[in-house]
Amino acid sequence: MAEKYTVEVTGLDKKGSGQAVVWRENEHGNKKKLKLVIPEALPGEKVEVEAERPKARWTKAPIIEILEEHPERTEPPCPHFHVCGGCVWQHWTYKGQLEYKTEYVKKQLESQGFDPDLVQDAIGAEVPWQYRNKMEFTFAEDGSMGLHEQGNFRNIIPLKTCLIAGEEMVKAAMEVADWVKEHRLRGYNKETHEGLLRHLLVRQSFATGEIMLGVFATKPHTELAAAVDKLVERITKNHPKVKSVLWLENTLWADKAQAEKVEVIAGRDFIYDELSGYRYRLWYDTFFQTNPKQAEKLVELALEMGEPKKHEKMIDLFCGVGTFSLPFASRVGALAGVEIVETSIESAKRNAKDNGIDNTYFLAADARRGIDQVLEQFGAPELLMLDPPRSGAGGKVMRRIGRAQPERIVYVSCNPETFATDITELVPFGYELKKVQPVDLFPHTVHVELVALMSRE
């Protein structure tokens, strides 16, 4: 039985939905606290919601009516916004989003005992639309292509547009979607593990314009050669910027855009991209910053805070394909990069060579063991940088950094919560937090990056 509540939204959860609390009587007449998760609600709003009476202590409660709305609420421009899970905040002005993200970073640091006034206002994107250079779409069982429904991972919302992806990327993706419909191809059923098409990867270099298309399927392309030939013909004719078309065979049960076998059906197996004046080769599984314009700001900030010098040694932990390594290597005496993904290390070596950089040493190892090996061979660095995944670097890695005693540490983070926890480990080693600059790489989502400097006192 559904119940209605009038509540004030007290904050947002980690997925960007509103939060509120109500007290209700259970079957024994005792009052119990019920947490409400309210999609599309904004902090401070007064709303009327409806929720099924749950057995658990929380439940999702859609808005029936907004009684007092947030001053920064706006009309979302995307026709898919209310159902698609790609964005969560198109109903919030970009100014409002940035203010919230700044306060969120401050809150995380303050919770760990750091001065929130060290946090600068978040740097927003000049144009908060069409900023993504990579998208992964999913095929529904009937062959339609789209993104997962908000709050329902099993359901796919067919898309006609996507306002956060580059326009040429969307057009190329729609070409593939039309081809699928024309040939009546089936999508993959995650429960029965039947069907052909699983995902479509689209990535584009904003610097060179080159586009890659990757079709993830359960069968080799040779089993539908005539249809695949038609796809290549359509892409070649209508999308000259597409320089790589891949058929990626994936029969594994895990619902990931991964491949057991990669076949090039047109062009080459990589595209060229550029960032901060350096050239990179991108394969289908290469991790590269998804918002290149804002990523360049990350690099600029890291260089500005790190103040690299020609006589110095530097270590770059979680270096990936060398996004930060190459700009720093051009400014220091020697640089060692550590990354656990071997293919990324091979790419980093190749990217350094392509850019004429010969003072780098790249090691495929996890950060904790890698830093020990580098210190043994390389010696103690004056400068250390790390850009860990969302889970953070972890206490063992941070303490190892502290014992290495670099003069300056530049931390690039995609998760302010784990960043704040990580840097507490450096305080006993004599480090002080100097600067924190949030940068918004993903407008209309909950995510926010930051660059921070810690110096040894």
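Begin by selecting Lys32, Lys33, Lys35 and Arg57, which form a positive surface patch; Lys and Arg count as positive and Asp and Glu as negative, with His and the chain ends not counted. Such a patch is made of residues with over 30% relative accessible area and no salt bridge, like charges being joined within 9 Å, where a salt bridge is a side-chain nitrogen of Lys or Arg within 4 Å of a carboxyl oxygen of Asp or Glu. The model is predicted, so that local features need pLDDT of at least 70 and side-chain atom pairs count only at pLDDT 80 or more, while totals for chains, interfaces and linings use all residues. Residues are numbered from 1 along each chain as its sequence is written, and side-chain values use heavy atoms, with hydrogens and water left out.

Stay on Arg57, which lies in the loop between β5 (46-52) and β6 (58-60) and counts as exposed at 70% relative accessibility (buried is under 20%, exposed over 50%, partly exposed in between, with a 1.4 Å probe and protein chains only).

Next, turn to the cysteines: the whole structure holds zero disulfides, a disulfide being a pair of cysteine sulfur atoms within 2.5 Å. For Cys84, the nearest cysteine sulfur is that of Cys78, 6.6 Å away, and Cys84 is buried at 9%. For Cys87, the nearest is that of Cys162, 6.5 Å away, and Cys87 is likewise buried, at 8%.

Finally, select Gln130, a non-glycine residue with a positive phi of about 50 degrees, in the loop between α1 (94-111) and β8 (134-139).

Methods. Patch = residues over 30% accessible without salt bridge, like charges linked within 9 Å, V, L, I, M, F, W, Y side chains within 5 Å. Areas by Shrake-Rupley, 256 points an atom, 1.4 Å probe, with all protein chains shown as cover. Charge placed at Lys NZ, Arg CZ, Asp CG, Glu CD. Helix = DSSP H or I, 4+ residues; strand = E, 2+ residues; numbered from the N terminus.
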